[in-house]
Amino acid sequence: MTDIIGYIMMVIGVMFDIFGCIGLVRFPDVYNRLQAATKCVTLGTVVLLVGVALICGWGPMSAKAIICAGFILITSPTAAHAIAKGAYASGVELWEKSVVDKYAEEIEK
Amino acid sequence: MRRLIYFVLAFLIWILLTWPSVDGKIDVQVVVAGLIASVIVSVLFHEILPKEHHIFISPVRIFWFLVYVPVFFYYVIKANLDVVYRALHPKMPIKPGIVKIKTNLKTASGITALANSITLTPGTLTVDLTDDGFLYVHWINVKSDDIEEATQFIGQRFEWFLKRIFE
């Protein structure tokens, strides 16, 4: 039973990863692409790793999978902040159809 | 004392990560390398790690944390379905922009948790934060560029929990 749940979770995880990659290609600018890359790929990979842990049962393999899932949950959004801020600081512009940019005022100060 | 706690934590993670999964034998070289690495990490980096230790031993805060985890995952899954919908829709219904929101959280770990929660949930990505408690957030579908209203939409639902966990 846990095997089946584990396989289903792995399939869901891989699907989220694929959708994240499609978003990465289709979205127009760096910031929107980061949205797809951080959200879908984080959840997809965490779900996949939890599926691996369920299939392997109580032991070394699932301990590693769970630790990796925790690290991804912490580091992936942190890396996204760094990339977004770095992109803005180095002059990457928002998509021309963006509606508002409050951050420009902060930079000018 | 803090160095000791971080040393034990780092070493524990090392042991779990190098736990042999095939033959079950523990290699002395791996353990020694882990000891050295843990000492270096705990001596060099104990200052940049969180200073609010009391939050890890208070049962009330741990209770609120355990309540927060399922709520957080509910929003993460909702966020993912939202982004998947926008990525797959032929017309790509996005309306991006960077808005400013306000936070009342004061502690460093509280603000970090808020920023990371915002990044992982519905269509929002934290870009920067200022010293006086404002966050700049990239929003994939801007509903309001007013500070108060944007705070209502983005930050409020997490702040209520995070205040109980970290403050």
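Chain B contains seven helices and three strands, and its elements, read from the N terminus, follow the order α-α-α-α-β-α-β-β-α-α. Of the 167 residues in chain B, 31% are classed as buried. Among the contacts in chain B with a separation of 6 or more, 72% are made by residues 24 or more positions apart.

The contact between the two chains draws 37 residues from chain B and 37 residues from chain A. On the side of chain B that touches chain A, the elements giving two or more residues are helix H1 (2-18), helix H4 (59-88), strand S1 (97-102), helix H5 (108-120), strand S2 (124-129) and strand S3 (134-139) of chain B. H4(B) gives the most to this side, with eight residues. Sorted by class, the side of chain B that touches chain A comprises 24 nonpolar, nine polar and four charged residues.

As for the confidence of the prediction, chain A has an average pLDDT of 81, and 87% of the residues of chain A score at least 70. Within chain A, the highest confidence is found in helix H1 (residues 2-26) of chain A, with a mean of 86, whereas the lowest is found in helix H4 (residues 103-108) of chain A, with a mean of 63. Where pLDDT is low, the predicted coordinates should not be read in detail.

Technical notes. Residues numbered from 1 in each chain as written. Chains lettered and ligands numbered in written order. Predicted model: local features only at pLDDT ≥ 70, side-chain atom pairs only at ≥ 80, totals over all residues. Helix = DSSP H or I, 4+ residues; strand = E, 2+ residues; numbered from the N terminus. Buried ≥ 20, exposed ≤ 12 C-beta atoms within 10 Å, placed from the backbone. Contact = placed C-beta atoms within 7 Å. Nonpolar A, V, L, I, M, F, W, Y, C, P; charged D, E, K, R; others polar. pLDDT = per-residue confidence, 0-100.
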